[in-house]
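Good morning, and thank you for coming. Please look at the sequence and the model on the screen while I speak.

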Amino acid sequence: MFVIDGSGSIRQAGAGNFDLMKTFMKMLIEGFSVDLNRTHVAAVIYSSSVYVKELFGLNTHYSHEDVFRDIDDILYPSGGTYTGKAITVVKNRIYTLRQDRDDVPNVCIIMTDGKSHDDIKGPSQALLNTGTTIFAIGIGKHYDINELDEMAGNPRYVYTADFKDLTNFVQQIQLSICQGWLHS
């Protein structure tokens with residue numbers, strides 16, 4: 001599950017930054033077998049208090065090609081940073097009985113470049129309480145490390161990088177996800 005910050009500061013920090021985030025997502029997904037009986041991928045994009053959009057759900061795509069096509073088609077919304085609202089949407093609309101598989105651990109990767117304008121503590125804790133592992137990735141220079149720690153609930157699931165260096169962490173995050181699955 002990807003939660004993608006589409007706030008205005010992403011592009012303000014550099015014209016190609018949103019595309020770098022999409023490349024990172026595709027590279028991370030490449031390390032997993034995407035099909036009906038293996039890895040399922042979903043994505044939500046957010047910005048303002050009224051803009052949280054489910055791009056595709058866990059039961060939408062069963063191949064890398066289909067997921068990559070939808071990632072390529074993601075439009076950059078611009079606006080504010082309402083991470084808490086996006087996390088709530090993930091908990092209430094993605095990890096549902098219809099989409100969630102009981103026998104597969106849930107992993108949520110939150111990518112943000114700034115401090116949220118709303119509460120992330122309650123929504124993050126509610127999602128963590130479902131057994132979901134949250135990876136919080138701070139990108140650029142204006143993320144709030146305390147907020148990332150609070151979202152992830154565990155500092156070993158917090159990563160920070162400049163936009164251009166984001167792909168350097170792909171293998172490390174893939175390994176961490178797999179190790180989390182082994183211990184769940």
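Helices (H or I, at least four residues) and strands (E, at least two) are DSSP runs, numbered from the N terminus. The model is a predicted one, in which local features need pLDDT of at least 70 and side-chain atom pairs count only at pLDDT 80 or more, while totals for chains, interfaces and linings use all residues. Residues are numbered from 1 along each chain as its sequence is written, and side-chain values use heavy atoms, with hydrogens and water left out.

I begin with Thr-132, which lies in the loop between α5 and β5 (133-139). Is Thr-132 buried or exposed? Buried means under 20% relative accessible area, exposed means over 50%, and partly exposed is in between (1.4 Å probe, protein chains only). Thr-132 has 3% relative accessibility and therefore counts as buried. Its side chain makes a polar contact with the side chain of Thr-130, at 2.9 Å. A polar contact is a pair of N or O atoms within 3.5 Å; within protein, one must be able to donate a hydrogen and the other to accept it, and residues adjacent in sequence count only if both atoms are side-chain atoms. Contact in general means heavy atoms within 4.5 Å. If neighbours within four places in sequence are left aside, Thr-132 is in contact with Tyr-95, Asn-106, Val-107, Cys-108 and Leu-127.

Leu-127 brings us to helix α5, where the buried residues are Pro-123, Ser-124, Leu-127 and Leu-128. Why are these residues on the same side of α5? They cover an arc of only 135° around the axis, and so they share one side of α5. The arc is that of the directions from the helix axis to the C-beta atoms. The partners against which the buried residues of α5 pack are α4, β4, β5 and α6.

Let us take the last of these partners. Helix α5 (residues 121-128) packs with helix α6 (residues 145-152) at an angle of about 30°, and their axes are 8 Å apart. This makes α5 roughly parallel to α6. Axes here are lines fitted to C-alpha atoms, for helices over the stretch in contact, and angles run from 0 to 180 degrees between N-to-C directions. Angles under 35 degrees count as roughly parallel, over 145 as roughly antiparallel, 65 to 115 as roughly perpendicular and the rest as oblique. On the α5 side, Lys-121, Ser-124 and Leu-128 meet Glu-150, Met-151 and Ala-152 of α6. By class, this contact of α5 with α6 has 3 nonpolar, 1 polar and 2 charged residues. In this scheme, Ala, Val, Leu, Ile, Met, Phe, Trp, Tyr, Cys and Pro count as nonpolar, Asp, Glu, Lys and Arg as charged, and the others, Gly among them, as polar.

Within helix α3 (residues 64-72), the residues Val-67, Phe-68 and Ile-71 are buried. They cover an arc of only 95° around the axis, so they are on the same side of α3. The buried residues of α3 pack against α2 (17-30) and β3 (52-56).

The loop between α3 and α4 holds Leu-75 and also Ser-78. Leu-75 is exposed, with a relative accessible area of 68%, whereas Ser-78 is partly exposed at 34% relative accessibility. Ser-78 has a phi near 70°, which is a positive value in a residue other than glycine. Not counting residues up to four places away in sequence, Leu-75 touches Phe-18 and Ile-45.

Next comes Gly-84, in helix α4 (residues 83-94). Gly-84 is buried, at 2% relative accessibility.

Thr-112 is buried, with a relative accessible area of 1%. Its side chain makes a polar contact with the side chain of Asp-5, at 2.8 Å.
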